[in-house]
Structure formats: structure tokens, C-alpha cells
Amino acid sequence: MTLDEALARRLRELARGPSPLLVASDLDGTLAPIVPRPEDARVPPATLAALERLSQVAHVAVVTGRDLATARALVPVAGVEFVASHGHEASFDTATLPTSGASLAEQLEELARSLETRFEGRTLRVERKARSVAFHYRADPALARPLREALAELPEGFRLQPGRLVLEVLPAGAGKDAALAALVDRFRPGSLLVLGDDLTDVAMLEAARDLAGEGLHVLALAIEGGVETPPEVVAAGDAVIGQEQVEGVIALLTGTLGSPHPS
């Protein structure tokens with residue numbers, strides 16, 4: 001789908017802004033279309049190719065709730081960095097993000113088993129990750145209320161993160177705003193593009209816009225996915241596009257930059 005000319009102009013201005021450029025993107029719902037089963041998600045080959053080209057002329061990072069190993073498998077592009085598990089895992093060394101121990105992993109597994117037993121016979125899909133556990137109710141939206149009630153009281157040290165027809169339990173601390181801060185600390189960008197589509201991305205989009213007040217050239221893009229898109233996401237973005245337009249955004253940036261990767 002063709003990009004709106006006003007947005008295309010803003011992207012060209014961003015690409016020609018202060019260097020280096022950092023592009024930080026969510027994964028599911030942004031680079032990869034949402035699918036009924038998370039394990040079936042795939043980033044389209046054309047998008048992977050566009051990311052590979054962009055990584056030659058800008059810093060590119062994927063910020064995701066997926067664990068690091070899964071994120072790398074979904075985006076097997078050399079030169080792309082990752083902050084995964086909602087900021088609890090990174091593909092680079094950083095002291096700005098929290099760590100979680102084995103005891104937290106054991107508690108997450110206990111919680112996963114407890115809810116599997118409680119909702120046995122219902123179409124609740126439990127996704128175990130390296131640093132969290134996600135409870136997907138896409139196949140049965142009526143589970144939303146009883147699932148929230150079941151997760152109303154979590155063990156100390158955990159928090160609940162709502163998403164698109166999913167509730168995720170993860171260690172307290174971090175978040176995608178902290179993930180973005182770690183990336184900014186690593187790359188020291190002069191310009192920044194952030195893309196996200198879900199409630200988990202709101203903090204990252206808002207943090208990006210806050211950085212604009214600190215002198216960075218920033219564009220925060222909210223990815224719209226129909227009726228599932230939380231209004232908070234749209235409100236947090238400088239502009240809104242459809243998921244099918246993300247490849248065009250990446251291609252336009254690559255074509256405008258057209259220079260060696262920043263050192």
C-alpha cells in the first residue's frame with residue numbers, strides 16, 4: 001500500500017536528519033502479521049529483505065515480548081539487535097536492563113500449570129517464554145474476564161501486561177520504554193524511528209516522543225490493526241499506518257539514506 005505523501009515527507013526528513021538513525025520496531029503485529037497461534041507467526045520475506053538493506057545504512061533493533069531466541073529466529077537478519085522479553089533480555093551487553101533469576105522462572109511455570117488446570121477444556125493457549133508466560137484467549141474472547149480474575153493477585157515481583165487478546169505475566173521492572181532507553185544508550189542516535197501496535201508498545205512510543213523534547217529528531221509510528229488496536233496506541237503515535245505499510249516505511253528510509261552504515 002502506498003504511503004501517504006505527508007508521512008513519506010516526514011520519513012525523508014527523518015532520514016536526512018542528525019545521524020546516526022536508529023529504527024526500533026515491535027515484532028508481532030508490526031513486522032509480523034498477527035495470527036491465531038503465536039508459534040505460526042512469520043515475518044514476510046519482503047520485510048526481512050527490507051530490514052537487511054536498512055541495517056546496512058542505519059541501526060536497526062527489534063523490541064519484543066518474545067524471548068530472545070524466538071525473536072532471533074523470526075528475524076534472522078545480520079546486524080539487527082534485539083531487546084526481548086519486554087526488556088529482560090538483550091542481544092548486547094547492557095547494565096541498564098534488569099535480570100531475573102531461576103526462582104522467578106519456577107514461579108512462572110507454577111502459575112502456567114495452575115491456569116492450565118483451572119481452564120482445562122477451554123480454548124486458552126498458554127505460551128511459555130524465557131522470562132514470562134502469556135495466556136492467549138484469541139480463540140475464545142469470553143475468557144477475558146475470568147482470566148483477569150484468575151490473575152488479579154500475582155506473586156510478589158510480577159506484573160500483568162495486557163495485549164491484543166492476551167494477558168502476560170512477567171517480572172516487574174523493565175518494559176519497552178526501558179528497552180528503548182538501553183538502545184539509545186548503546187547507539188546514541190541523532191534521529192529515531194519507533195514502530196509499535198499494542199499496549200505493550202505505548203510506553204515505548206511515549207518514551208520516543210519524550211526524547212524529541214531532548215533534542216532528538218523523532219517519529220513514533222502507531223501501527224493500526226483494525227478493531228483490535230487499542231486507542232492508547234493510536235494516541236501515543238505521531239502518525240498511524242497499517243501493518244501492510246511497514247515494509248514501505250523501511251524501503252523508503254533505505255532509499256533515502258543510501259549511505260554506509262554509521263560507525
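Colleague: Which residues are linked in a network of salt bridges?

Modeller: Side chains of opposite charge can pair when their charged atoms come close. A salt bridge here is a side-chain nitrogen of Lys or Arg within 4 Å of a carboxyl oxygen of Asp or Glu. In this structure, Arg37, Glu39, Asp40 and Arg125 are linked in such a network. Please note that this is a predicted model, in which local features need pLDDT of at least 70 and side-chain atom pairs count only at pLDDT 80 or more, while totals for chains, interfaces and linings use all residues. Residues are numbered from 1 along each chain as its sequence is written, and side-chain values use heavy atoms, with hydrogens and water left out.

Colleague: How many salt bridges does this rule give?

Modeller: The count comes to 21 salt bridges. One of the pairs is glutamate 39 with arginine 125, at 2.9 Å from N to O. Helices (DSSP runs of H or I, at least four residues) and strands (DSSP runs of E, at least two) are numbered from the N terminus. Glutamate 39 lies in the loop between strand 1 (21-25) and helix 2, and arginine 125 in strand 5 (residues 125-128), so this pair ties together parts 86 residues apart in sequence.

Colleague: Are lysine 129 and glutamate 168 buried or exposed?

Modeller: Buried means under 20% relative accessible area, exposed over 50%, and partly exposed in between, with a 1.4 Å probe and protein chains only. Lysine 129 counts as buried because its relative accessibility is 16%, and glutamate 168 is buried at 7%. The two side chains form a salt bridge, with their closest N and O atoms 3.1 Å apart. By contrast, glutamate 39 is partly exposed at 39%, as is arginine 125 at 31%.

Colleague: Where do glutamate 228 and arginine 138 lie?

Modeller: These side chains meet in a salt bridge of 2.6 Å, N to O. Glutamate 228 is in the loop between strand 10 (217-224) and helix 8 (231-236), and arginine 138 in the loop between strand 6 and helix 5 (144-150), so the pair ties together parts that are 90 residues apart in sequence.

Colleague: Where is the peptide bond that is cis?

Modeller: The bond from serine 19 to proline 20 is cis, with omega near -5°. Proline 20 is located in the loop between helix 1 (5-15) and strand 1.
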